[in-house]
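Hi,

Here is the structure I promised to pass on. Please have a look at it first, and then read on for my notes.

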Amino acid sequence: VLSDEEFSEYLSRKLNEEVQEFLSEGTVEELVDIYEVLLAIIEHMGVTPESFGILRNQKLLERGGFSKRIFLDFIH
């Protein structure tokens, strides 16, 4: 059984691994693996999936999402 710190480190490494596999293979199955790791991270942080969804929706309303494929390039 991992300590909280060890589990956090493991989840971070696992997320990186799954993202790399998705970037390499690009499959829906790899996205499922990423999603499972994200759910574990959310739970480990003490956040419920419901409150996470609320925060997601708030950010979506404030900043928009990706569904319209709009890319804004700001010149500084």
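Where is the place of Ala40? Ala40 sits in helix 2, which covers residues 28–44; helices here are DSSP runs of H or I with at least four residues, strands are runs of E with at least two, and both are numbered from the N terminus.

Before the rest, a word on the ground rules. This is a predicted model, so local features need pLDDT of at least 70 and side-chain atom pairs count only at pLDDT 80 or more, while totals for chains, interfaces and linings use all residues. Residues are numbered from 1 along each chain as its sequence is written, and side-chain values use heavy atoms, with hydrogens and water left out.

**Helix 1 and its partners**

Helix 1 has 22 residues. From its first C-alpha to its last, helix 1 reaches 31 Å, close to the 32 Å expected at 1.5 Å a residue; the expected span is 1.5 Å times one less than the number of residues. Gly26 follows helix 1 and has a positive phi, near 65 degrees.

The classes are buried for under 20% relative accessible area, exposed for over 50%, and partly exposed in between, with a 1.4 Å probe and protein chains only. Not counting residues up to four places away in sequence, Leu11 touches Val37, Ala40, Ile41 and His44; contact means heavy atoms within 4.5 Å. Ala40, one of those partners, counts as partly exposed at 24% relative accessibility. The C-alpha atoms of Ala40 and Val28 are separated by 19 Å, with the two residues 12 apart along the chain.

Glu18 is also in helix 1, and at 5% relative accessibility Glu18 counts as buried. What does Glu18 touch, not counting residues up to four places away in sequence? Its contacts are Glu30, Asp33, Ile34 and Val37.

How many aromatic pairs does the structure hold? There is 1. Phe7 and Tyr10 form this pair, which is stacked, at 6.5 Å centre to centre and 15 degrees between the planes. For such a pair, the rings of Phe, Tyr and Trp (its six-membered ring) must have centres within 6.5 Å; planes under 30 degrees apart count as stacked, over 60 as edge-to-face, and the rest as tilted. Phe7 and Tyr10 are separated by about one helical turn, because they are 3 residues apart in helix 1. Phe7 is partly exposed at 29% relative accessible area, and Tyr10 is partly exposed at 35%.

Leu2 belongs to the segment before helix 1 (4–25). Leaving aside neighbours within four places in sequence, Leu2 is in contact with Phe7 and Tyr10. Leu2 is partly exposed, with a relative accessible area of 46%. Leu2 and Leu60 are 35 Å apart, C-alpha to C-alpha, and 58 residues apart in sequence.

**Helix 3 and what follows**

Helix 3 (residues 49–63) has 15 residues and reaches 21 Å from its first C-alpha to its last, close to the 21 Å expected. Just after helix 3, Gly64 takes a positive phi of about 80 degrees. Arg69, in the segment after helix 3, has a phi near 60 degrees, a positive value in a residue other than glycine. At 79% relative accessibility, Arg69 counts as exposed.

**Pockets**

The largest pocket holds about 270 Å³ of space. On a 1 Å grid over the protein atoms alone, a pocket is an open set of points where a 1.4 Å probe fits, with protein on both sides within 12 Å along at least five of seven lines, and lining residues have an atom within 4 Å of a point. Grid points are joined across faces, edges and corners, and a volume is the space filled by probe spheres set on the points. Which residues line the largest pocket? They are Arg56, Lys59, Leu60, Arg63, Gly64, Gly65 and Phe66.

The second largest pocket has a volume of about 210 Å³. Its lining includes Arg63, Gly64, Arg69 and Leu72.
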